[in-house]
Amino acid sequence: MESNNVKVSVIVATYNQEKYIGHTLESIVTQNVNFKFEALVGEDCSNDGTAKIVKEYAEKYPDIIVPYFREKNLGMYANIPELMTHAKGEYIAFIEGDDYWIDDNKLQKQVDFLDSHPDYVACFGKCIIVDENDVRHPEKEDYNAFKREKGDFTIREFEQYILPGQTATSMYRKVVYGQLQQKLSQLKDATQIMQIDRGQVLCMMAIGKMYNLGEDVAAYRHVTNKESGSWSSQNDYYGIKPVMQYLDGMKQMEKIASALGFELNFDERRTYELNKLYANMGTFSKEDTDKIRQKIKEDYNTKQKYYKACLKNVFKGWRRT
């Protein structure tokens, strides 16, 4: 095997994750594989000890860890694409700097699958959910939005807001990104949506099939402390900002799907969010509540479904009084 024949490029974007990045990198360098792979680590100008740990791993594993120390903070939407420009692998695996792999054969299993299934563009696995202290929380796993069964991922699952797998469980064909860039070059905001896990999956569905191995291969760190550096701590809460971003994202994905040549309809998810809004009356101010409700109404593809959902919730309110 030639020394430059890299089979897999692992993309690791990290910022202020001193507590976790060592675990992440350790789970990468201990992978059992019969091919050459690299881990491109974008250290995004952290103000804690993250850079020091990345440097230590790069010095200890120079054949695997390739560090990129940013001179200024790029942010996730720029850090990841820049790392991608350096990727040499046939396949791309993503993992965030606070998650880690729990299967030492993760990369090998996915390469074996994709090598033997050329009509598939991506392969995923299942994940467990842990907190900031690596304690597993099965109760959270019961309600996660990731595919739980072995098999092909479908458009119907995507419309139910299920993903084929969590980011740390993913592996994609790098060539697909080139194909997507051609398709997306004329679409507004397409470049940014490709940096979001759900946006990536949406775009990949226009190119080929995706598969889930049905095995636990990664640990997804779900942390609610906003100072932790965990992605979930910054985004996974019920507030006006994330709700509006979430609603905007669904409409944007429907438009992009249409431009890519297939139909996507999130009306069931809009009904879910409308029901959730009614069930949590008082969480938001009247102004914000009206803002969310109006946004949901405007975005419905079938307005009758909106009115039907409203009537059901009004009726429930009468029954409670």
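The model is predicted, so local features need pLDDT of at least 70 and side-chain atom pairs count only at pLDDT 80 or more, while totals for chains, interfaces and linings use all residues. Residues are numbered from 1 along each chain as its sequence is written, and side-chain values use heavy atoms, with hydrogens and water left out. The protein chain holds 14 helices and nine strands; helices (H or I, at least four residues) and strands (E, at least two) are DSSP runs, numbered from the N terminus.

**Confidence**

- The average pLDDT of the protein chain is 87, and 88% of the residues score at least 70; pLDDT is the predictor's confidence in each residue, from 0 to 100.
- Over residues 230-235 pLDDT stays under 50, and the model has 18 contacts beyond four places in sequence for them. Contact means heavy atoms within 4.5 Å.
- Where pLDDT is low, the predicted coordinates should not be read in detail.

**The chain as a whole**

- Of the 321 residues in the protein chain, 51% are buried. Buried means under 20% relative accessible area, exposed means over 50%, and partly exposed is in between (1.4 Å probe, protein chains only).
- Among contacts in the protein chain with a separation of 6 or more, 78% are between residues 24 or more positions apart.

**Helix H1 and two loops**

- Helix H1 (21-29) is mostly covered, as seven of its nine residues are buried.
- Those buried residues are Ile21, Gly22, Thr24, Leu25, Ser27, Ile28 and Val29.
- What covers them includes E1, E2, H2, strand E3 (65-69) and strand E5 (100-101).
- Asn16 is in the loop between strand E1 (6-14) and helix H1, and its phi is near 50°, a positive value in a residue other than glycine.
- Cys45 also has a positive phi, near 60°. Cys45 lies in the loop between strand E2 (36-43) and helix H2 (50-60) and is partly exposed, with a relative accessible area of 34%.

**How helix H11 packs**

- Two packed helices are described by the angle between their axes and the distance between the axes. Axes are lines fitted to C-alpha atoms, for helices over the stretch in contact, and angles run from 0 to 180 degrees between N-to-C directions.
- Helix H11 (residues 240-260) packs with helix H13 (residues 286-299) at an angle of about 5°, with the axes 11 Å apart. That makes H11 roughly parallel to H13, given that angles under 35 degrees count as roughly parallel, over 145 as roughly antiparallel, 65 to 115 as roughly perpendicular and the rest as oblique.
- Residues making the H11 to H13 contact include Ile240, Val243 and Met244 of H11 and Asp288, Lys291 and Ile292 of H13.
- H11 and helix H12 (residues 267-279) pack at about 170°, with their axes 11 Å apart. This makes H11 roughly antiparallel to H12.
- Tyr246, Leu247, Met250, Lys251 and Glu254 of H11 meet Arg269, Arg270 and Glu273 of H12.

**Aromatic rings**

- The count comes to 13 aromatic pairs. Rings of Phe, Tyr and Trp (its six-membered ring) pair if their centres lie within 6.5 Å; planes under 30 degrees apart count as stacked, over 60 as edge-to-face and the rest as tilted.
- One of the pairs is Phe146 with Tyr220, which is edge-to-face, at 6.0 Å centre to centre and 85° between the planes.
- Phe146 lies in the loop between helix H5 (138-141) and strand E7 (151-152) and Tyr220 in strand E9 (residues 209-221), so this pair ties together parts that are 74 residues apart in sequence.
- Phe146 is buried at 13% relative accessible area, and Tyr220 is buried at 11%.
- Ring pairs also link Phe153, Phe158, Tyr161, Tyr246 and Phe266 into a cluster.
- The charged end of Arg198 sits over the ring of Tyr161, 3.6 Å from its centre. A charge sits over a ring if NZ of Lys or CZ of Arg is within 6 Å of the ring centre and within 35 degrees of the ring normal.

- Where is Phe158 found? Phe158 is in helix H6, and it is buried, with a relative accessible area of 0%.
- Leaving out residues up to four places away in sequence, Phe158 touches several residues, including Phe153, Leu163, Arg198 and Val201.
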